[in-house]
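The sequence and structure come first.

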Amino acid sequence: MDSRSLAIFYLSLILSILGFRVYFKYFRSLLPKHVRDYGPKTHLAKEGTPTMGGMVILLSTLLTLLIMYPTREIIVLLGLITGYAIVGGIDDYSGIKKRSSQPLKGRYKFIAECIISLFWLWIVRRYNIFEIKGNFLLFYPNSLFWLYFLETVFIVGIANGVNFTDGIDGLAGTIISILLLFIILLIKNPNVNVLSLALLGSLSVFLFYNVHPAKLIMGDVGSLSLGASIAGLGIAMGKEWLVLILGVIFILENLSVMIQVSYYKLTGRRIFKMSPLHHHFELSGWSEPQVVTRFSLLTLLAGILGVYINGFKG
């Protein structure tokens, strides 16, 4: 790691420290989280916890990279992240105004995410920002249609997987931090590395406040933009498969929701005690710190597998 990369990490961290001080002083009382009443009963204690902390993560990362490393690749990646942050921010703010945990219909968010992803992919390919390989390890798209389709599913899926995972204090932030560390260690692409370091710097400060019991929540503005950033990193480094392996928790959280909803519609019964998956384990007797620790261990094991496959593929 060179001195510039180290400076990017620490500048993002310092800006995040300052940003959260401003957040707690001026905004915490204006941004209360509304907890869904059909979730785990223990989560009702989180009612009123300040949300939209992801704004600070986003702004710290944006300012750091625009000051220290404003390459066209970074700017385009920041465009994808910002697009998803806007969708998440609208959802968060609407929830605060309406005093609801689900202010926007899911299909509207899904449509917006698909449009942002497709437009971003078109920009990347049209202006040759970087090569879109569609490298999913076991298969490659064999046409432009399938390339756009699979990459859109990849971006939207990872973003929403992070969004689903962000339901327990410290869970999403810890998993993402581990994932970013593996990317920094494995990938030698400078644009990928500096974005990962900037995100890691701001996330470090966020996690200081987000560990159980959380003093703030990242909100959809944070979870969707962080998910989009991870997907964007996967595409930029041409190793989408690595993100799928490292993000195994996001995949499992997504699948748990899809399986639960589909099975319930077909049979009127549930497979899991509650979805997403972390709530199933909560209702099975795991505490929030236990869920975070065990899911983090699974991410570390997935990371070791990723290291092996990456070395094998060269």
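Helices here are DSSP runs of H or I with at least four residues, numbered from the N terminus. The model is predicted. By that numbering, Leu301 is found in helix α12.

**Overall fold**

The protein chain has twelve helices and zero strands. Its radius of gyration is 19 Å, close to the 20 Å that the globule rule gives for 314 residues, so the chain is as compact as a globular protein of that length. Further values for the whole chain are set out below.

| Property of the protein chain | Value |
|---|---|
| Span of the C-alpha trace along its principal axes | about 50 × 50 × 35 Å |
| Residues that count as buried | 55% of 314 residues |
| Accessible surface | about 14,800 Å² |
| Share of accessible surface from carbon and sulfur atoms | 67% |

Among contacts between residues at least 6 apart in sequence, 74% join residues at least 24 apart.

**Core**

The largest nonpolar core has 90 residues. Those with the most contacts inside this core are Phe20, Leu65, Trp120, Ile155 and Leu195. Leaving aside neighbours within four places in sequence, Ile155 is in contact with Leu80, Tyr84, Ser117, Trp120, Leu121, Ala231 and Ile235.

**Surface patch**

In soluble globular proteins, nonpolar side chains tend to be buried together. A nonpolar patch on the surface has about 710 Å² of accessible area and includes Leu252, Met258, Ile271 and Leu301. Helices α10 (248-267) and α12 (288-313) each supply at least two residues of the patch, and the largest share, four residues, comes from α10. Leu301 has a relative accessible area of 57%; exposed means over 50%, so Leu301 is exposed.

Conventions. Residues numbered from 1 in each chain as written. Predicted model: local features only at pLDDT ≥ 70, side-chain atom pairs only at ≥ 80, totals over all residues. Heavy atoms only, no water. Core = buried A, V, L, I, M, F, W, Y, C linked by side-chain atoms within 4.5 Å. Buried < 20%, exposed > 50% of the residue type's maximum accessible area, 1.4 Å probe, protein only. Contact = heavy atoms within 4.5 Å. Patch = residues over 30% accessible without salt bridge, like charges linked within 9 Å, V, L, I, M, F, W, Y side chains within 5 Å. Areas by Shrake-Rupley, 256 points an atom, 1.4 Å probe, with all protein chains shown as cover. Salt bridge = Lys/Arg side-chain N within 4 Å of Asp/Glu carboxyl O. Rg over C-alpha atoms; globule rule 2.2 N^0.38 Å.
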